[in-house]
Amino acid sequence: MQLCSHRKCCYFAIFVAFYVFYHPTDSGAVSMTSENIDMTLASNELVFLNFYAEWCRFSNLLAPIFNEAAEKIAEAFPESGKVVLGKVDCDKETAIASRFHITKYPTLKIVRNGQLSKREYRGQRSVDAFVEFVRKQLEDPIKEFKSLKELDELDVKKRIIFGYFDRRDQSEYDTFRKAATNLKEDCEFHVGFGEVVHAMHPPGTPIIVFRPDVALSHENDETYVGSLKNFDELKIWIQEKCVPLVREITFENAEELTEEGLPFLILFHHPDDTGSIKDFKAVIETQLLDEKQNVNFLTADGKRFAHPLNHLGKTEKDLPLIAIDSFRHMYLFTNFRDMYISGKLKQFLQDLYSGKLHREFHYGPDPVSKDNTIEMIPNTSPPESSFKKLGPSKNRYTLLQKDEL
């Protein structure tokens, strides 16, 4: 018995030593591998991932900051399933790096409720900034209203999702809250319970509605008709409603838009000109909806983005105007008024895809001979891309595929 007890003590001592020296989550960010990443993403509300390489100078600068932030966040949010800061060694975990389309080091990505956010973290890289960012991410994304009159005071320029529920403890509300957490950057979310909204939905049947940014009353609300217990279905519906077909490009979001890798079709407008924006959106929605997978439709403040206009040989006096930035060159749509002619803007895009815009900039307009063959005549040189320069900074990242941007 004494020998057996002694062996147990030895085995226990060996186990303790193994745990102390090899446990991967003693401190700092959790190392993500092919064995643990899927479970981590699926079982936590928020996962903040640092994709790095040991040989990358920027990765080495960030590592101690990210690890310290992970420790502070673990102290602030100790609840299991709430938040995890993870790190991925992309040289060792090549499959994970490929899965998340990593093209620069270090890259910081956010996963909410198992769903990858389309926006990377681009804020300050400090312990306090990381802690504050996580704190903001974990705030309740839904604002509760106590009276229907409060809805009349909301900003009509915002896209809004409303929820009408009997009680907060309904399973459908959990689904709604998860979807709101994932899409809170694209829409405002508001909810009412009980007697406050009894006139807005049948008893026992919660309702979700969308109010467009151009709506002035609930008469324009669009009701969700799918299952409120199906998270994926509800998320897709909200995403389609909240993410506009035409977005505004700013200096703050230019990098992430550039990284999407799609050419830009941009309306440059005067900041006070709302009419051209409205008309541009209408043309895109009625004539170019089938192109949304091939190009980013954008509007840009022509005063803020004066530099691209100068590249095109234009100034603020020439606004509004439309151009394509292919990330190689910029091409000007000849006459803004031609946008109102059906098919003109679509042909402009087709000329980009076919190479005609690039060819004509280098060789001049395609002349057609008597036998309908194109004669190439050297002539001009197109302006270089301006928005390419707003892509990932070489002073902040180690870029892996520099030519892509």
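Predicted model: local features only at pLDDT ≥ 70, side-chain atom pairs only at ≥ 80, totals over all residues.

Colleague: In what order do the strands of the open sheet stand?

Modeller: The order is E1-E3-E2-E5-E6, so named for 5 strands in an open sheet with mixed pairing.

Colleague: And which strands stand at the edges?

Modeller: Strand E1 (30–31) and strand E6 (115–116) do. Each has a single partner strand, so one side of each lacks a neighbour in the sheet.

Colleague: How many bridges join E2 to E5?

Modeller: There are 6 bridges between strand E2 (residues 46–52) and strand E5 (residues 107–112), and the two run antiparallel. Within E5, Lys109 is the residue that stands opposite Leu49.

Colleague: Which strands does helix H3 lie across?

Modeller: Helix H3 (residues 57–76) lies across E2, E5 and strand E3 (83–89), and runs at about 155° to E3. Helix H5 (residues 127–137) also packs on the sheet, where it touches E2, E3 and E5. The direction of H5 makes about 145° with that of E2.

Colleague: Changing topic, how many salt bridges does a search of the whole structure find?

Modeller: The search finds 18 salt bridges. One of them joins Lys82 to Glu45, with the closest N and O atoms 3.3 Å apart. This pair links distant parts of the chain, 37 residues apart: Lys82 is in the loop between H3 and E3, and Glu45 is in the loop between helix H2 (37–42) and E2.

Colleague: Are Lys82 and Glu45 buried or exposed?

Modeller: Both Lys82 and Glu45 are buried.

Colleague: What about the side chains of Arg167 and Asp169?

Modeller: They meet in a salt bridge at 2.8 Å, N to O. Arg167 counts as partly exposed because its relative accessibility is 44%, whereas Asp169 counts as exposed at 59%.

Colleague: Where do Lys346 and Glu291 lie in the chain?

Modeller: Their side chains meet in a salt bridge (3.5 Å, N to O). Lys346 belongs to helix H11 (residues 344–354), and Glu291 to the loop between helix H9 (275–287) and strand E14 (296–301); the two are 55 residues apart. Lys346 has a relative accessible area of 25% and is therefore partly exposed. Glu291, at 5% relative accessibility, counts as buried.

Colleague: Which residues are linked in a network of salt bridges?

Modeller: The network links Lys104, Lys109, Glu120, Arg122 and Glu255. Lys109 is also the residue opposite Leu49.

Definitions and conventions:
Residues numbered from 1 in each chain as written. Heavy atoms only, no water. Pairing = 2+ DSSP bridges. Helix = DSSP H or I, 4+ residues; strand = E, 2+ residues; numbered from the N terminus. Contact = heavy atoms within 4.5 Å. Axes fitted to C-alpha atoms, helices over the stretch in contact; angles between N-to-C directions. Salt bridge = Lys/Arg side-chain N within 4 Å of Asp/Glu carboxyl O. Buried < 20%, exposed > 50% of the residue type's maximum accessible area, 1.4 Å probe, protein only.
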